[in-house]
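Here are some notes for a first look at this entry. Please keep the sequence and the 3D view open while you go through the points.

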Amino acid sequence: MKNWLSPFLASAALAGLATVAASETADHGSHWTLMSDAYARVGDILNSEEGTTAVERLNEELSALKEACDKLEVKSQNAPCHEDVRRLLSIATFNADPNDPNRNKTFPTHIPDFVSPEMREVMVNWTPNWLTSSWEGYPDPTDYGAWQSLHDELIDPMEAAGKQLLKTYKLSTEEREIGGVRTVIISPSENRHPGKILIHAHGGAFYGNTPETTFDRTAPLANHMGIDIASVDYKLMPAPDWDILDQRDQVIAVFDALTGEGGSYKPEDVGIYGCSAGGGLVAMATNAMSHRGGALPGAAVMQSPQTDFSFNSDSTWTLRYDDPRTNVDHLIDSVWPMLGITEEKAQDPRYSTVYDNFEGRDFPPTMVQTGSKEIQMSDGIRMYGVLRSAGHEAILDVHDAMQHCFHGHSETPESAEAVRRVAEFLEEHLGSE
């Protein structure tokens with residue numbers, strides 16, 4: 001196998017490394033010199049063997065490298081050495097046996113046996129955008145036109161898939177301006193909750209997607225509950241004189257128009273939900289409404305929410321290189337600067353909702369839903385924690401081994417279960433019939 005993963009070979013070549021097995025080397029002075037030898041040895045194995053033979057040799061090398069890690073004189077290097085060795089051998093093993101149907105060929109993520117065949121198919125074939133052959137990196141943070149072009153490239157195929165989903169569930173849509181904001185109303189063929197409605201804030205890192213590209217997040221729930229959903233087409237970042245808080249205010253404007261003077265709904269009959277950036281906007285919007293006092297939604301659902309822009313949550317770092325959907329380095333280097341997230345904003349509770357004090361004021365019953373294979377998991381756990389600590393009703397719904405916004409894969413049992421739990425929560429908390 002001559003061409004497997006060039007970065008490993010490049011690292012070995014640049015360092016001029018020896019290629020003896022780790023078990024045969026002298027004691028290493030540091031974790032770094034040990035890993036240099038490890039890269040070279042793994043490169044030799046993958047260039048001389050393939051398939052099960054290569055996997056067997058890599059497993060032998062793993063045992064030897066672990067022993068070498070334990071022999072490091074600076075004991076504080078033992079744990080990171082083990083982690084780096086595990087990461088290296090995991091990637092190498094994936095490349096050693098390309099015919100294994102249970103492995104993702106581009107991203108070495110663990111897929112447990114209990115994952116359904118349908119979701120396994122998704123996870124095996126998922127390619128992170130930064131590992132696609134066409135990836136050229138994110139635009140300059142100030143190049144608004146380039147960010148718009150990046151977004152536009154994804155629109156057509158996502159809209160086509162969404163339209164097919166609407167047909168599958170026999171749903172209808174209608175564009176409507178609500179509170180001065182464009183929305184798309186998704187309606188079931190049989191409305192089992194007349195007089196009630198859900199507001200949906202779509203995800204997309206605050207710069208991507210539309211209601212039409214996220215029917216996979218609205219159609220299954222509208223069908224399952226038999227309820228209308230108003231998906232908010234908030235103005236995307238980046239744009240001159242525009243901020244995430246302006247997006248938040250557009251979500252609030254829709255709620256106010258639906259429930260205020262001339263509106264058709266009681267506040268307690270309106271639910272609000274969203275995933276990722278949308279989950280973050282739900283947190284920001286409900287928090288702002290809570291601060292101002294007055295009407296609040298009957299219930300809120302935050303799925304994989306972005307609630308701490310300072311990257312202080314634990315899973316941001318523990319899953320930094322194990323999240324197949326979100327690349328932390330790209331967020332830090334490109335996306336956050338484009339969004340205008342400064343150090344001050346990252347600590348501001350209007351943006352990073354987990355830093356606010358929720359005591360002594362009303363807040364709607366809240367469900368936080370997340371997967372264990374995403375960097376936003378801890379953001380969700382912390383959001384649940386601050387609400388509960390302040391005495392508010394909140395539940396935490398964590399799905400093991402699931403990736404960011406997994407509920408969007410409507411063809412999988414895992415998605416169906418996530419949608420069912422959200423529907424159950426909303427039906428329990430929205431106003432009585």
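1. Start with helix H5, residues 117–125. Its buried residues are Met119, Arg120, Val122, Met123 and Val124. Part of their cover comes from H14. Bear in mind that this is a predicted model.

2. H6 spans residues 144–169, and H7 spans residues 215–225. Their axes come within 9 Å and cross at roughly 5°. An angle under 35 degrees counts as roughly parallel, so H6 is roughly parallel to H7.

3. Which residues in H6 and H7 meet? From H6 come Gly162, Lys163, Leu165, Leu166 and Tyr169. From H7 come Phe215, Asp216, Ala219, Pro220 and Asn223. By class, this contact of H6 with H7 has 6 nonpolar, 2 polar and 2 charged residues.

4. How many disulfides does the structure hold? There are 2. Each is a covalent bond between the sulfur atoms of two cysteines. Number the bonded cysteines in sequence order, and the pairing reads 1-2, 3-4.

5. Take the Cys69 and Cys81 pair. Their sulfur atoms are 2.0 Å apart. The torsion about this S-S bond is about -65°, so the disulfide is left-handed. Cys69 lies in helix H3 (residues 51–70), and Cys81 lies in helix H4 (residues 78–96). The pair therefore ties together parts that are 12 residues apart in sequence.

6. Are Cys69 and Cys81 buried or exposed? Cys69 has a relative accessible area of 0%, so Cys69 is buried. Cys81 is also at 0% relative accessibility and counts as buried.

7. Now turn to the disulfide that joins Cys275 to Cys405. The S to S distance is 1.8 Å. The torsion about the bond is about -105°, so this disulfide is left-handed. Cys275 sits in strand E5, residues 270–275. Cys405 sits in the loop between strand E8 (394–399) and helix H14 (413–429). The bond therefore ties together parts that are 130 residues apart in sequence. Cys275 and Cys405 are both buried.

8. Ser231 deserves a look. This residue lies in strand E4, residues 228–232. Its relative accessibility is 0%, so Ser231 counts as buried. What does its side chain make a polar contact with? The partner is the side chain of His200, at 3.0 Å.

9. Finish with Gly278, found in helix H9, residues 277–292. Gly278 is at 0% relative accessibility, so Gly278 counts as buried. Not counting residues up to four places away in sequence, Gly278 touches Ala201, His202 and Gly203. Where does Trp336 stand relative to Gly278? The two are 58 residues apart in sequence and 16 Å apart in space, C-alpha to C-alpha.

Conventions. Residues numbered from 1 in each chain as written. Predicted model: local features only at pLDDT ≥ 70, side-chain atom pairs only at ≥ 80, totals over all residues. Heavy atoms only, no water. Axes fitted to C-alpha atoms, helices over the stretch in contact; angles between N-to-C directions. Helix = DSSP H or I, 4+ residues; strand = E, 2+ residues; numbered from the N terminus. Parallel < 35°, antiparallel > 145°, perpendicular 65-115°, else oblique. Contact = heavy atoms within 4.5 Å. Nonpolar A, V, L, I, M, F, W, Y, C, P; charged D, E, K, R; others polar. Disulfide = S-S within 2.5 Å. Buried < 20%, exposed > 50% of the residue type's maximum accessible area, 1.4 Å probe, protein only. Polar contact = N/O pair within 3.5 Å; in protein donor to acceptor, adjacent residues only side chain to side chain.
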